Amino acid sequence: PDEPLRALGALVPPGLQAPALEAFFAPERVEARARREWEAKYSGLLQRNLTLGQHTWAVERFTVGEGEAVTVLERTVKGTELTDQGEALVLSLRCLHAVPEEAPLELRRVVEEAGSPALTPGVTCEGEQVVARGYFVPMRRQLTVRVRVGEATWTLETQSRLEMLEEARR
């Protein structure tokens with residue numbers, strides 16, 4: 001857990017203070033980000049029979065400038081596709097910057113369990129996620145988020161793709 005701080009210490013010239021970077025790479029902050037990222041990417045997907053058109057939600061936080069944007073990531077089952085890991089769910093991704101008055105109970109519960117954070121107005125996002133069903137293998141994910149902060153518009157793009165999965169044999 002201390003490896004990122006050691007690497008930062010090796011890169012920053014002696015005498016130069018980097019408190020923001022040190023705080024960012026602090027072990028407890030790295031762990032908290034990893035937990036939030038897992039929740040945003042995969043919560044609501046494990047051990048469920050999801051059907052075409054079904055929605056799942058997760059509260060997601062993005063660092064923008066000196067602050068943070070908070071939104072609800074809505075995943076909608078678009079269908080399935082055959083991958084080298086078997087049948088996979090294809091999910092469309094979009095952001096909600098407010099919880100609708102007629103929101104389903106599950107959506108309200110997800111927001112409450114995240115501490116009922118104030119959602120950032122004007123956040124938009126779009127993307128797609130593909131997860132193999134058999135052994136729950138994340139195959140690929142693409143997400144583009146746009147957030148207006150003051151006069152600037154931040155665009156955050158993330159992409160991940162499984163390149164190879166091998167089973168360990170004993």
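Modeller: Here is a quick tour of the fold, the sheet, the cores and the disulfide. Keep in mind that this is a predicted model.

Colleague: Fine. How many helices and strands does the protein chain have?

Modeller: Four helices and six strands. From the N terminus on, the order is α-α-α-β-β-β-α-β-β-β.

Colleague: And the sheet, what's the strand order?

Modeller: β1-β2-β3-β4-β5-β6, in an open sheet with antiparallel pairing. β1 (55-64) and β6 (152-161) are the edge strands, each pairing on one side only. From one strand to the next, the twist averages 20°.

Colleague: Which strands does helix α4 lie across?

Modeller: Helix α4, residues 105-113, lies across β1, β2 (67-83) and β3 (86-96). The helix runs at about 30° to β1.

Colleague: Let's do the pairings. How many bridges between β2 and β3?

Modeller: Eleven, in the antiparallel sense. The two strands form a hairpin with two residues between them. For a landmark, look at E81, which stands opposite A88 in β3.

Colleague: What about β3 and β4, how many bridges there?

Modeller: Seven, and the strands run antiparallel. L93 stands opposite G127 in β4.

Colleague: Next along, β4 and β5. How many bridges?

Modeller: Nine, again antiparallel. Strand β4 covers residues 124-132 and strand β5 covers 137-149. Here V131 stands opposite P138 in β5.

Colleague: Switching topic. Which residues make up the largest nonpolar core?

Modeller: Eleven residues: F62, V64, A69, L73, L93, C95, V123, C125, L143, V145 and V147.

Colleague: Which strand gives the largest share?

Modeller: β5, with three residues of this core. There is also another core apart from it, of ten residues, among them W57, L96, V111 and L119.

Colleague: Right-handed or left-handed?

Modeller: The torsion about the S-S bond of C95 and C125 is about 105°, so the disulfide is right-handed.

Colleague: What does the pair tie together?

Modeller: C95 lies in strand β3 and C125 lies in strand β4, so the bond ties together parts that are 30 residues apart in sequence.

Colleague: Is C95 buried or exposed? And C125, buried or exposed?

Modeller: C95 has 9% relative accessibility, so it counts as buried. C125 has 10%, so C125 counts as buried too. The cut-off for buried is under 20% relative accessible area.

Colleague: Zooming out, what share of the protein chain is buried?

Modeller: Buried residues make up 33% of the 170 residues. The chain exposes about 11,300 Å², and carbon and sulfur atoms supply 52% of that.

Colleague: Last one. Of the contacts between residues at least 6 apart in sequence, what share join residues at least 24 apart?

Modeller: That share is 46% in the protein chain.

Notes: Residues numbered from 1 in each chain as written. Predicted model: local features only at pLDDT ≥ 70, side-chain atom pairs only at ≥ 80, totals over all residues. Heavy atoms only, no water. Pairing = 2+ DSSP bridges. Axes fitted to C-alpha atoms, helices over the stretch in contact; angles between N-to-C directions. Contact = heavy atoms within 4.5 Å. Core = buried A, V, L, I, M, F, W, Y, C linked by side-chain atoms within 4.5 Å. Buried < 20%, exposed > 50% of the residue type's maximum accessible area, 1.4 Å probe, protein only. Disulfide = S-S within 2.5 Å. Areas by Shrake-Rupley, 256 points an atom, 1.4 Å probe, with all protein chains shown as cover.
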